[in-house]
Amino acid sequence: MNAYRDKYAQVFNDGRKVVLIAISADVDTALASWARDADYPVLFGSDTGSAVGKAYGAYNAQYKLDNRNLFVVAPDGKIAYRATPFREIDPTSYTDLGAAISKLMPADSTAR
Amino acid sequence: MTLVLAALMQQPAAPPAPPPGPAALEVGAVAPDFAIPGATRYGTLKNPVRLSDYKGKTVVLAFFFKARTKG
C-alpha cells in the first residue's frame, strides 16, 4: 500500500473523480489502524468472508485471502481495465494504470 | 528440429501457476455491486462502502492480501 499512497496524487488525481478502494479480508478495525499508522489516504473495504473477492475473481482459495488483483470500474459501472495481478512495486504498473484512468477522465479534470 | 524449436518457443520460460479460485472478471464486464464495512485513516465507517454509491465516478478496486504486509 505504500506505493499506492506515494502515487496517489499522480495516478489517482488526488482522489478527484477517482475513488481508490483497497479491499482485503481484514476486519475494518485492522484496516483503520493500519491506515492511521501509515497515513493512507484511501478508502478501505473489509471483505471478511471474501464475497467481493469471489465476485471479482480475486479470491485465493488456498490462502483464503484476496489476490492482488486490480480493477478500474468506469463511470458507467463496467470494468475498463484490470491488472491480475497488479505489481504494486513495479513502476510500469502505474504508467499503465494511470493511462487507463486518464482515458476515463473528463478532459478538464486534471487542471489545477 | 524445426518442430522441436517451435514446440519449445510455445513454452513460456516459467509457466505461472494458475491462481486457485475463480477467474478474474474480464474488461467490459459489469462490475458487481457490493456493500462491505469500510475504514479510512480516521477510523471505521458507520455506513458500508457500496460500489453503487460511486456511479458516475471512476473507481479503482485494489485487492490485496493482508493489512500490515508489504506490497
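Two residues are in contact if their C-beta atoms, placed from the backbone, lie within 7 Å. Helices (H or I, at least four residues) and strands (E, at least two) are DSSP runs, numbered from the N terminus. The model is predicted: local features need pLDDT of at least 70 and side-chain atom pairs count only at pLDDT 80 or more, while totals for chains, interfaces and linings use all residues. Residues are numbered from 1 along each chain as its sequence is written, and chains are lettered from A and ligands numbered from 1 in the order in which they are written.

**View 1. Chain A as a whole.** Chain A has four helices and six strands, in the order α-β-α-β-α-β-β-β-β-α from the N terminus on. Its C-alpha trace spans about 40 × 30 × 25 Å along the principal axes. A residue is buried if 20 or more other C-beta atoms lie within 10 Å of its own, exposed if 12 or fewer, and partly exposed in between. Of the 112 residues in chain A, 42% are buried. Among contacts in chain A with a separation of 6 or more, 37% are between residues 24 or more positions apart.

**View 2. Helix H2 of chain A and its cover.** Helix H2(A) comprises residues 28-38, and its buried residues are Asp28(A), Leu31(A), Ala32(A), Trp34(A) and Ala35(A). Seen down the helix axis, these buried residues fall within an arc of 165°, so they line one face of H2(A); the arc is that of the directions from the helix axis to the C-beta atoms. An α-helix has 3.6 residues a turn, so residues three or four places apart point the same way. The cover over the buried residues of H2(A) includes strand E2 (43-46) of chain A, and strands E2 (38-40) and E3 (43-44) of chain B. H2(A) lies across these strands and runs at about 15° to E2(B). Axes are lines fitted to C-alpha atoms, for helices over the stretch in contact, and angles run from 0 to 180 degrees between N-to-C directions. Asp39(A), with a positive phi near 55°, follows the helix.

**View 3. The side of chain A that touches chain B.** In chain A, 62 residues are in contact with 40 residues of chain B. H2(A) gives the most to this side of chain A, with eight residues. By class, the side has 38 nonpolar, twelve polar and twelve charged residues. Here Ala, Val, Leu, Ile, Met, Phe, Trp, Tyr, Cys and Pro count as nonpolar, Asp, Glu, Lys and Arg as charged, and the others, Gly among them, as polar.

View 4. Seven strands form an open sheet of mixed pairing in the order E6(A)-E5(A)-E5(B)-E1(A)-E2(A)-E2(B)-E3(B). Strand E6 (79-83) of chain A and E3 of chain B stand at the edges, each with a single partner strand, so one side of each is left without a neighbour in the sheet. Two strands pair if DSSP finds at least two bridges between them. Strand E5 (residues 70-73) of chain A pairs with strand E5 (residues 58-63) of chain B in the antiparallel sense over four bridges, and Leu70(A) has Ala62(B) as its bridge partner. E5(B) also pairs with strand E1 (residues 18-24) of chain A, in the parallel sense over six bridges, where Ala22(A) stands opposite Ala62(B).

**View 5. The hairpin of E5(A) and E6(A).** The two strands run antiparallel and are joined by four bridges; Val72(A) has Tyr81(A) as its bridge partner. Five residues lie between the strands, and Gly77(A) in this hairpin takes a positive phi near 90°.

**View 6. Backbone details in loops.** A cis peptide bond, with omega about 5°, joins Thr84(A) and Pro85(A). Pro85(A) lies in the loop between E6 and helix H4 (91-104) of chain A. Ser50(A), in the loop between E2 and helix H3 (51-56) of chain A, has a positive phi near 60° though it is a residue other than glycine. Ser50(A) counts as buried, with 21 C-beta neighbours inside 10 Å. In chain B, Arg68(B) is not a glycine and has a positive phi of about 65°. Arg68(B) lies in the segment after E5 of chain B and is exposed, with 12 other C-beta atoms within 10 Å.
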